[in-house]
Amino acid sequence: ESSKTETFGHTSMIYAMITISILGFIVWAHHMFTIGLDIDTQAYFTSATMIIAVPTGIKIFNWLATMHGTQMNMSPQMMWISGFIVLFTIGGLTGIILANSSIDLILHDTYYVVAHFHYVLSMGAVFTIMASIIHWFPLMTGMTLNNKFLKIHFITMFISINITFMPQHFLGLMGMPRRYINYSDNFLNWNIISSIGSSMSTISMIMFLMIIWNSLKMNYTPTFSNEMNSSNEWLMKMPPSEHSFNELSIMSMF
């Protein structure tokens, strides 16, 4: 998609992922700032949590650098990846806010936390999964998806998921706690907006399932692959036959 054989700064990406994996083992108490930790312990876990932003920032800038200089045709998978980078960054910024123990004492177990981890997970992991499904679907099934409908699906999903979770930041700042079946009337308006967004995202996912069903039913067969020849798997038939090679092929960057 980017016409590049590898991610920009792939070595630093590897080190960044290793660093995040290691730091992930020593920051667990940022979920427990309200249990009565002493000041020194709070200071350590605040610092350790905020340090994770450094390798994460390296990954984000490497993703942006990979996209830089490419001919952006805004295919559906590129739209999902672009949306992922923007929303994942927003989720990371709210994570830095919650990493501060003094602020977390106020925001702990409120909807601000819910909004934070959904921007990281629902708009991080799920957006990349959607991009992957769309990207690999022709290779896996030998059929193509309707690009126009895929773009409509992304736009509706992007709007609806922000309508769902952006108001939850405001609910958290207003003091609405998580996991409550009922709430005060002053939280009503933002909850209604969030519920509308949730319904819209459900409809969007039904639309995506219908796009897949339509492709399988109508048997839209791709006439050619527009992927890079340097990607070994795209040189195969769609779907690839079993035992394509007797041995692993040698890939050259030249």
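The model is a predicted one, in which local features need pLDDT of at least 70 and side-chain atom pairs count only at pLDDT 80 or more, while totals for chains, interfaces and linings use all residues. Residues are numbered from 1 along each chain as its sequence is written, and side-chain values use heavy atoms, with hydrogens and water left out.

The chain contains eight helices and zero strands, where helices (H or I, at least four residues) and strands (E, at least two) are DSSP runs numbered from the N terminus. Along its principal axes, the C-alpha trace of the chain spans about 60 × 40 × 35 Å.

An automatic or database domain assignment, the source of the domain bounds, divides the chain into domain 1 (7-71) and domain 2 (74-225). The C-alpha centres of domain 1 and domain 2 lie 22 Å apart, and 14 residues of domain 1 are in contact (heavy atoms within 4.5 Å) with 14 residues of domain 2. Between them, domain 1 and domain 2 bury about 1200 Å², 76% of it on carbon and sulfur atoms; buried area is the accessible area (1.4 Å probe) that two parts lose on being put together, summed over both.

Helix H6 (residues 111-141) packs with helix H8 (residues 188-218) at an angle of about 10°, their axes being 13 Å apart. Here axes are lines fitted to C-alpha atoms, for helices over the stretch in contact, and angles run from 0 to 180 degrees between N-to-C directions. H6 and H8 are therefore roughly parallel to each other, a term used for angles under 35 degrees. In this packing, Met130, Ile133, Ile134 and Phe137 of H6 meet Met205, Phe208, Ile212, Ser215 and Leu216 of H8.

The structure holds one salt bridge, defined as a side-chain nitrogen of Lys or Arg within 4 Å of a carboxyl oxygen of Asp or Glu. Arg178 forms a salt bridge with Asp109, with the closest N and O atoms 3.7 Å apart. Because Arg178 lies in the loop between helix H7 (147-174) and H8, and Asp109 in the loop between helix H5 (101-107) and H6, the pair ties together parts that are 69 residues apart in sequence.

Key. Angles under 35 degrees count as roughly parallel, over 145 as roughly antiparallel, 65 to 115 as roughly perpendicular and the rest as oblique.
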